[in-house]
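Dear colleague,

I am passing on the structure below, and after it you will find some notes. Please read them with the model open beside you.

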Amino acid sequence: MTLSRYARRIPGAIRTFLRARKAWAPRPAKIAVLYDSNVSGLAPLFGGQRYEVVHLDGEAIYVDPRILLSTLRHVIKVRSLAVSYAMAVLERIKPAIVVTFIDNSSVFHMAAQRFRSARFLAIQNGGRLLKRDHPVGRSPQIYHREFACLGRFDIDQFTRHGAQVEHYYPIGSLKDSYYRAGRNGARHAAKEFDLCLVAQFKPKTSARLTFTDSFELVAEHVKRFCDAHHATVCVPLRKHPDVDAAGYEVEREFFAARLGPRAQLIPNVPGAYTTYGVVDRTRVSIGMHTTVLREGFGRGNRILSCNYTGNPEYSFPVPGPWAVDDPAYEVFEQRLLWLLNASEDEYANACGDQPSYVIGYDDKMPTHLFLQRLIADAVGGSAEPTSVKEIQRV
């Protein structure tokens, strides 16, 4: 970034500073969390160890003069205020390990390259569109010291893209792992619905026009199929009226208008993994580019991922009868009928090892337990990543 471009950002940085909640300085801690997103989901991984959060969303800021001076010192070299501030705060925390759930953060990538006195662990929280979000040649490029990714597919994808990753852990989805642990051993839920349409509604804007129009076409196909085949359908919504009444109502009206009274709309209960549970209780779940389908596929569910955008980036990670990119209704109907009527053996033979390729969950070492042991290893003083096999033997 040129000095002139950097200078143009100073007024915005000042406004952010004035709005933010002020704190003096963080306490030393063995664990630092970069960004406060999903801290409640990360905390169970820390084994009761105290941790400090490096806020980078403008909600809070530390005003210790030593942090501010250190930030200015780093800016001269890094030319990024956010990265410089993160490094200055980490210098005060002195962590053994820095953890984030925002694995696609350029700030985290750059801090991991420059702050070498702690281990850096990124936990993947969703599928990544690397060509769109990280074009080859654009700086900064992807860099991970330790990357807990969803599956072997991501190792192949990131490697092909030229990402710099020192250690991969293809161990599955953290949220999915928490959900599985809460099922109390019930692996096969009774099917209550024929179809589940995974909610991906967002207000139509010029930036999202193609994606929104494509999702509307998916909803149109679902309604037409239900009318023709008398299928039951549900929609696990993204909102709950007690949490966001206005957002819930907009979402409810959207799906009610497109699917009619036949559809059962299910509010999203915070902390209950509502969507995961509904996917498990449905014969076939349908959607577009969403990690929910990928996680459901990894749990052995039947899915249909529809990419009607014309952009192959939005296609399901692996091709098969669970993925379609031809927008014709007849293709959708044919594929969905096969998924609904295929025997267990037919579906298992079609899948092969693809579910474990896209979601690397291990019953003997669930994702959350693997991460607990990995972090405990760092807190215990190991400066080098422990291999997957060593952790699994613990």
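In these notes, buried means under 20% relative accessible area and exposed means over 50%, with partly exposed in between (1.4 Å probe, protein chains only). This is a predicted model, in which local features need pLDDT of at least 70 and side-chain atom pairs count only at pLDDT 80 or more, while totals for chains, interfaces and linings use all residues. Residues are numbered from 1 along each chain as its sequence is written, and side-chain values use heavy atoms, with hydrogens and water left out.

Helices here are DSSP runs (H or I, at least four residues), numbered from the N terminus. In helix α3, the buried residues are I67, S70, T71, H74, V75 and V78. They lie on the same side of α3, because they cover an arc of only 150° around the axis, the arc being that of the directions from the helix axis to the C-beta atoms. The face turned away from this buried side carries L69, L72 and I76, which are exposed.

Just after the helix, R79 has a positive phi of about 60°.

C196 is in none, and the nearest cysteine sulfur, that of C234, is 4.3 Å away. C196 is buried, with a relative accessible area of 1%, and C306 is buried too, at 0%.

Conventions:
Helices (H or I, at least four residues) and strands (E, at least two) are DSSP runs, numbered from the N terminus. A disulfide is a pair of cysteine sulfur atoms within 2.5 Å.
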